[in-house]
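Work through the exercises below with the sequence and the structure at hand. Each task is followed by a solution in steps.

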Protein chains: 2
Amino acid sequence: MPNLTRVIERHIKELFDVGSEEASVSLRRKELAASFGCVPSQINYVLRKCFTPERGYLVESQRGEHGYIRIVRLSYEDPEDRLKHVETIVGDSLSEQDCKRLLTSLQERGLINARERLIIEVALRHADDLGRSEFDLSPYKRSAIQAEMLKRMLRGLVLA
Amino acid sequence: MPNLTRVIERHIKELFDVGSEEASVSLRRKELAASFGCVPSQINYVLRKCFTPERGYLVESQRGEHGYIRIVRLSYEDPEDRLKHVETIVGDSLSEQDCKRLLTSLQERGLINARERLIIEVALRHADDLGRSEFDLSPYKRSAIQAEMLKRMLRGLVLA
DNA sequence: AACTTCAAGGTCAAGGTTAATCAATAACGA
DNA sequence: TCGTTATTGATTAACCTTGACCTTGAAGTT
């Protein structure tokens, strides 16, 4: 028997499929857990593990009576290859120059637009600022952090 | 039967819509409560929960005879005002919850879209991850870093 | 003007319901 | 075996609803 987390992940993804065009699904944590015979917090584990922004999902929830968990999908599944492509380009560390070149290239190919690029550049710059002035990190370490951050941001986006 | 709070929230928001661009609506607590068959303090709960500054609203009221409650929808017309509003709400540090509320509100008003929100959340998450697991920062410090990063990311977007 | 009335709205805490978190443990895979 | 991933359950936090009690302020009364 495959592990429960995978089963639940697949089940949730199927909920998206039946709604074909549906970009979000709602569920009740307690019921879902009951239907899989597991403890409710198992659902949180699956969400934290598989339905992250980095994978193109946003999760919102409500407690109390009429509580729910809603999962919004912003991208279609299984663009693993494109994803790999991005990771290869970014690598483990990249210079400011490389970063700019990459973003320009993505923008030219229509994978991101000007506003999206702006957010990304601001975030990376801030991380770099902090790394230098607050934590006194080496240039290499800072560029490694930027690379990781860039990959995460692109992961969720490039899929769509 | 969806929960009462949501129903009342939606009802109040519709009052804004019918007034087409009206910046505020007035209502009487007792009457509104009666029309929904609930206790008057339920109205206060809805106001406290749904019509807060981070969601883009202000509430003022008058007691005594001829009392009333007025709900003002903050104007997002002027870019400078929007920026000021964002900076006020974010401040030096803000909870995960307030962050989500602000982003939701900005998204509802069309100031950011889902993809933009996704990048923002990824960047904040990554900063938080790093702060915790790599640099062992206190929760307050992490939230301060996230606040600064959020303000920077929104600055360019909100002014556009 | 000072006082009283009383019709508004405000506050708070209790009680029930549901989701999130976290740390400990178990299971798995290299 | 060792490190990662999965699972669990106890605790915590968030949400909704209600109702008892408090505060304010306009209008009437003296």
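**Exercise 1. Two helices from two chains**

Task: Describe how helix α6 of chain A and helix α7 of chain B pack, giving angle and axis distance.

Solution. 
Step 1. Helices (H or I, at least four residues) and strands (E, at least two) are DSSP runs, numbered from the N terminus. Axes are lines fitted to C-alpha atoms, for helices over the stretch in contact, and angles run from 0 to 180 degrees between N-to-C directions.

Step 2. The crossing of α6(A) with α7(B) is right-handed. A crossing is left-handed if the near helix is turned anticlockwise from the far one by less than a right angle, and right-handed if clockwise.

Step 3. On α6(A), the residues that meet α7(B) are A:R115, A:L118, A:I119, A:V122, A:A123, A:H126 and A:L130. On α7(B), their counterparts are B:I145, B:E148, B:M149, B:R152, B:M153, B:G156 and B:L157. Contact is defined by C-beta atoms, placed from the backbone, that lie within 7 Å.

Step 4. By class, this contact has nine nonpolar, two polar and three charged residues. Ala, Val, Leu, Ile, Met, Phe, Trp, Tyr, Cys and Pro count as nonpolar, Asp, Glu, Lys and Arg as charged, and the others, Gly among them, as polar.

The model is predicted: local features need pLDDT of at least 70 and side-chain atom pairs pLDDT 80 or more, while totals for chains, interfaces and linings use all residues. Residues are numbered from 1 along each chain as its sequence is written, and chains are lettered from A and ligands numbered from 1 in the order in which they are written.

**Exercise 2. The whole interface**

Task: How many residues of chain A are in contact with chain B, and which element of chain A gives the most?

Solution. 
Step 1. The contact joins 24 residues of chain A to 24 residues of chain B.

Step 2. On the side of chain A, α6 and α7 (139-158) are the elements that give two or more residues. The most come from α6(A), with 10 residues.

Step 3. This side of chain A holds 16 nonpolar, three polar and five charged residues.

**Exercise 3. The surfaces near the DNA**

Task: Which residues come closest to DNA strand D, and which come nearest to DNA strand C?

Solution. 
Step 1. DNA strand D is surrounded by 29 residues, the closest being A:L4, A:G64, B:L4, B:S41 and B:G64. A residue is near a strand if its C-beta atom, placed from the backbone, lies within 6 Å of it.

Step 2. Two or more residues near DNA strand D come from each of α1 (4-18) and α3 (41-50) of chain A, and α1 (4-18) and α3 (41-50) of chain B. The surface divides into eight nonpolar, 14 polar and seven charged residues.

Step 3. Around DNA strand C there are 24 residues, of which A:S41, A:G67, B:R29, B:S41 and B:G67 come nearest. The elements giving two or more residues here are α2 (29-35), α3 and β3 of chain A, with α2 (29-35), α3 and β3 (68-73) of chain B.

Step 4. The classes near DNA strand C are four nonpolar, 10 polar and 10 charged residues.

**Exercise 4. The sheet of chain A**

Task: In what order do the three strands of chain A stand, and which are at the edges?

Solution. 
Step 1. The order is β1-β3-β2, in an open sheet with antiparallel pairing. Two strands pair if DSSP finds at least two bridges between them.

Step 2. β1 (24-27) and β2 of chain A each have a single partner strand, so one side of each lacks a neighbour in the sheet. The twist averages 15° from one strand to the next.

Step 3. β1(A) and β3(A) are joined by four bridges, and A:S26 stands opposite A:R70. Between β2 (residues 57-62) and β3 (residues 68-73) of chain A there are six bridges; here A:V59 has A:I71 as its bridge partner.

Step 4. β2(A) and β3(A) form a hairpin with five residues between them, and A:G64 in the turn has a positive phi of about 70°.

**Exercise 5. Positive phi in a loop**

Task: Is A:H66 buried, partly exposed or exposed?

Solution. 
Step 1. A:H66 lies in the loop between β2 and β3 of chain A. Its phi is near 60°, positive in a residue other than glycine. Most residues other than glycine have a negative phi.

Step 2. A:H66 has 13 C-beta neighbours inside 10 Å, so it counts as partly exposed. The cut-offs are 20 or more other C-beta atoms within 10 Å for buried, 12 or fewer for exposed, and partly exposed in between, with C-beta atoms placed from the backbone.

Note on methods: Two residues are in contact if their C-beta atoms, placed from the backbone, lie within 7 Å.
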